[in-house]
Structure formats: structure tokens, C-alpha cells
Amino acid sequence: MKPKIVVIGGTGLIGSKVVEKLKQEGNDALAASPDTAVYTTNVEGSLGALAGAEVVVDVANAPSFEDQAAWDFFQIVGENLAAAEVADAINFFRTAHENLAAAELAAGVKHHVALSVVGTERLQDLAYFRAKLMQENMIKGSSVPYTIIRASLFFEWIRPIAQAGTDGDTVRVSHSLFQPVAADDVASTVAEVAVEAPRNGPIEIAGPDMFYVDELVAKVLDHDKDPRNVVTSDPAGLFYGIQLDDQALMPGRDARRGSTTFDWWLTH
């Protein structure tokens, strides 16, 4: 009999794909999220769903991809919010993981799989990534065996990145290298890792090709027939308010590679 796998955030973009892929392979996968009355900010809300689970997959903190929602998500940045609001956002991550970890220990979970982001340790000027690094460190410090999957930025983030850099009819975004990946490829990797042995360390997943952020934003806007003008190679171009170098968003050489090309994704 295959183990029970609970997917925290299992009704979101990534989580719903993970649940579907696991079920297609005959696994006993359960979506757990506020939509199914599971709240990781409340211990009692997690315990019932985790009963009998051997594997927990946590993709609850993957942001939405509607333009404004994604912008709001990444706006937990020191220069844009008061210090108290940033602290509240980080404390939310901490509380959610502490409660989930306690529920896992009580349920006897044997493998915790968490989705994080490539470059998290290099993006510490953004409070979201400070929270993600804190979450990673808490996972490493738990007695539950784990695998952390660090994914490159998704193709689905390109339009929100353009929105974040828009000033009137002009778009200024970072001229830095990255290797974006399709959300579906990330979900496939998460589903595969969930049924493998814990690594007790991180792995990375990236797309098949490298691009410059501003050039890919321009390509998407051109495809959308969007009249905004992207200023390429702009030294003032930022990524959600911070400067990046060419390594900040790049995966390591051993990263897994998704199979979906950007051109195929854009036209399908």
C-alpha cells in the first residue's frame, strides 16, 4: 500500500498540480489548505489532516500569479512596509512552520518536502526571502527527515515582474541572468521527490534555458501586444526594489532541468 501524502497548500497553483500528478501515479494524496479547513497557523487545524501521513509536502507559501496579488506578496520589503508589518509577515511564516512541524512529529511523518526559491540566501534584502531562509533553517533543525526543493522563478512570474517595474508607459526591470521554469515542471519535480527517500538537504529545479530578466519581460509584452516600453540594460532596473547581479537568481550546475521551453509555454 502506498503511503499517505498530505500536500499543504494543495489547492493552489503548484499544490493542485502536485496532488493531481501524485494521484495519476496511484498515490494516496490529500490536498490540505484553508479551502479544506486546514490552517497551519492553528495546530489543531493541521493535526487531523496529517493523521496517518508518512509524507508532507509544503507548498503553501508559493505566491499567486495574478499581477496585483504577486506584487502584494513580494511587497513585504523593508523600504515599502513598516518594520512592524515586516515582522508580522515573517512571524506568520515562523508560526505556520512551527505548528506544522509539531503536527508532523505527532503524526510520525517520515519525510517533509518543502518548496523554496533558487537564490534565497542571496536575496535577503527582501523580507519574503528572509522568511523563506528562516523556514529552511527551521526544517533543517527539525527531527523530521526532509528535502528542500529550490525552484527558479516561474514563467508565470514574468508578467507580475513587469507590473512591479512599471512607471507609466515605461517598464524598468533588472538586467540580470536567470533560468526560469514552468510551474508544471516544478510540480512534477515536487511530486517525484515526495515519493523518493529524504535527502536531508536541498535540490534545485530550473528551466532549460538562460535569459536576461528585462529581455524576457520585453518578449512577453510584445507577445501580449502590450504597448509598454521595456528599458533594457537599464542600470536603474530593479527586482522588486533591489539590485541584482548575474548570480542572484541563477541555479547551480547540478540543478534539475525542466523540459518546458519558454517559447512553448508562451504560445500554449
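Q: Which hand does the crossing of H1 and H7 have?
A: Two packed helices are described by the angle between their axes and the distance between the axes. In this predicted model, local features need pLDDT of at least 70, side-chain atom pairs need 80 or more, and totals for chains, interfaces and linings use all residues. Numbering starts from 1 along each chain, and side-chain values use heavy atoms, without hydrogens and water. The crossing of H1 and H7 is right-handed (the near helix is turned clockwise from the far one by less than a right angle). Their axes, lines fitted to C-alpha atoms over the stretch in contact, come within 8 Å and cross at roughly 50 degrees.

Q: Which residues of H1 meet H7?
A: Leu13, Ile14, Lys17, Val18, Lys21 and Leu22 do so, where contact means heavy atoms within 4.5 Å.

Q: Which helices supply residues to the lining of the second largest pocket?
A: Rolling a probe the size of a water molecule over the atoms shows where empty space is left. Helix H1 (13-24) and helix H7 (183-194) each supply at least two lining residues (those with an atom within 4 Å of a pocket point). Among the lining residues are Lys21, Leu22, Ser188 and Ala191.

Terms used: 1 Å grid on protein atoms, 1.4 Å probe; cavity = no way out; pocket = protein on both sides within 12 Å on 5 of 7 lines; lining within 4 Å. Helix = DSSP H or I, 4+ residues; strand = E, 2+ residues; numbered from the N terminus. Axes fitted to C-alpha atoms, helices over the stretch in contact; angles between N-to-C directions.
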